[in-house]
Each structure stands twice: as C-alpha cells, then as structure tokens.
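Please read the points below with the sequence and the coordinates open beside you.

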Amino acid sequence: MYFSYSRLIIFATLFWAACGLKLSAVSYYWPCDLTNTTCGWEELIALQNNTGVLGFAMVNPNSGPGPSEIPEFEQLVEICNDDAVPLPLFGYSHTSEGNRGISIIKGEIAAYFSFYPQLNGIFLDEGSNDCNEFDYYHELYTYIKSLKPDATVVINPGTNVPECYSNCSDILVTFESPLSVYKDYVMSPWNLNYPTTRFWHIVYDVYEDELASTLKKMVSNHAGYVYVSDLSGDNPYNANPSYLTEEAKLVMQLDAEMQS
C-alpha cells in the first residue's frame, strides 16, 4: 500500500483531535521544600493545579526505588494524589534493552508499590526496539498489572519500534533525543492504528524560539504526550525547562485548536 506522508499527517491530526494533548514531565530530581515556589516539584504541582495540563511526571529516587522508602518521596506522592488536580506519578526502572535481569526489575517494581502505594504506574527506561525481546517486556507488563491492574506501563525505547510493542505497553516513548535529530524524525505508519495517548515524544536541547514549531511537529507525528526542554548534556532532566510555563500555554493552545 502506498502511504503519502501528507495523508498520514491528515489522519494523525484527525485521530489526535479525539484524544487530546498532555505535557508530561521527565522529572529526575529530588523533592525539595514543597512550600518553596522556586522548587521544581512545586512548579509542576502548581502548574497542574492551575491548568491540569500535565499528563504525568516521574519519580526516580536512585535509578530505581532504592533500598527503602524515602520520606521526601512519600510526601511528594501523597501531595500529588491528594491535590485539587492530581498529578499521576510513575516509578523509574531501567531494562538495558532487555538485558537486565527480569527478577531485579520485578523486585524494583514491587518495591515501588510497597514504598509508595499511590504511585500510578511504572516507567521502563532503556527499552528494546526488537520484537525478539517482546516476551521479556510482556512478562514485565503482566507483572505490573498483577500488582496494580490500573497502573500505567510506559516503555521507553526512545525510537520507532515494531508494532509488537503495542501489546506490552500502555504508552511508548517513540522518540527521545535532541532537536537536531528530531528534525528528521518520521513516525512509523502503524502508529495511526492507535490513539495518540499511546505515544510520548521527548525532545531536549531546544531553544525557546524553536519551542512552538517543535510542539507542532510532535502533534503531526501522532504524539499525545509531549515534553520539550532547553536543557542538554548528560542529564537534561535534572530540572524543569526554563520555559515550562510558556510550554504549558502552547500545549493547551494546540489542544484547544485541535479539539475545536
């Protein structure tokens, strides 16, 4: 079958309009004094209470849950669940493209739900994009659902993946790289078989004057969850983007335009 890219964009736009757009934060930083308005987490919580624009954020105590519950994260999870507009939180675990021991990851998942019972999901980082690893990820998906049936399971290959991965995840990160790479990115055509809420794009090293165009490209690539940051380097997720408020406004504007 012949696919016209312009036709794909039209289909993506129509499908997206039915699903909406959410800003979702890659928040790899420690909880701080949540009464401090300059705190990254306080900024996210205030933004959610005022706008409801955030789909979710991440908790990552120690590249995983660590050996025991941490009071600061207990407080954070409680606040994010009890606030006026709850902010769903997902616990971080990495899979090394299917090479990390599955029993280790299961242990981390169980620890997350034991330490922080109100967590809303699990984020499986360093995902594979090879269907040969499907059974590995499907076992993790099934295990997470057995512990908490309504938990959201995110897999992050950071690139396009075969359609097999739609059967072992709720959300797929099908792009995570700098803007210099995203400029040439094109989604896989099979993405259009699913709602935009199944896909999340993460783009960093983006100057503010390229923020709006980057978000529009994410929409055209069928992403229902988006995150753009001006940070770069080894860890572009250790703080919020400097333009977080503006990014939220643009996401809400795009959402309103596409829903009208």
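1. Strand β3, helix α4 (residues 102–115) and strand β4 together make a right-handed β-α-β unit, where right-handed says that, with the strands pointing away from the viewer, the path from the first strand over the helix to the second runs clockwise. The chain then crosses from β4 through helix α5 (residues 134–147) to β5, and this β-α-β crossover is likewise right-handed. Helices (H or I, at least four residues) and strands (E, at least two) are taken as DSSP runs and numbered from the N terminus.

2. This is a predicted model, in which local features need pLDDT of at least 70 and side-chain atom pairs count only at pLDDT 80 or more, while totals for chains, interfaces and linings use all residues. Residues are numbered from 1 along each chain as its sequence is written, and side-chain values use heavy atoms, with hydrogens and water left out.

3. Strand β4 runs parallel to β3 (residues 89–94), to which 5 bridges join it, and parallel to β5 (residues 152–155), to which 4 bridges join it; two strands are said to pair if DSSP finds at least two bridges between them.

4. Why can β4 be called largely enclosed by the rest of the structure? The reason is that 5 of the 5 residues of this strand (residues 121–125) are buried, a term that means under 20% relative accessible area, against over 50% for exposed and partly exposed in between, with a 1.4 Å probe and protein chains only. Both faces are covered, with Gly-121, Phe-123 and Asp-125 buried on one side and Ile-122 and Leu-124 buried on the other.

5. The chain crosses from β7 through α7 to β8 in a right-handed β-α-β crossover. Tyr-225 and Tyr-227 point one way from β8 and Val-226 and Val-228 the other way, all of them buried.

6. Ser-220 has its place in α7 and is buried, with a relative accessible area of 16%.

7. Helix α8 (residues 244–259) has 16 residues and reaches 22 Å from its first C-alpha to its last, close to the 22 Å expected at 1.5 Å a residue, that expected span being 1.5 Å times one less than the number of residues. Its buried residues are Leu-244, Glu-247, Ala-248, Leu-250, Val-251, Leu-254 and Met-258. They cover an arc of only 165° around the axis, which puts them on the same side of α8, the arc being that of the directions from the helix axis to the C-beta atoms.
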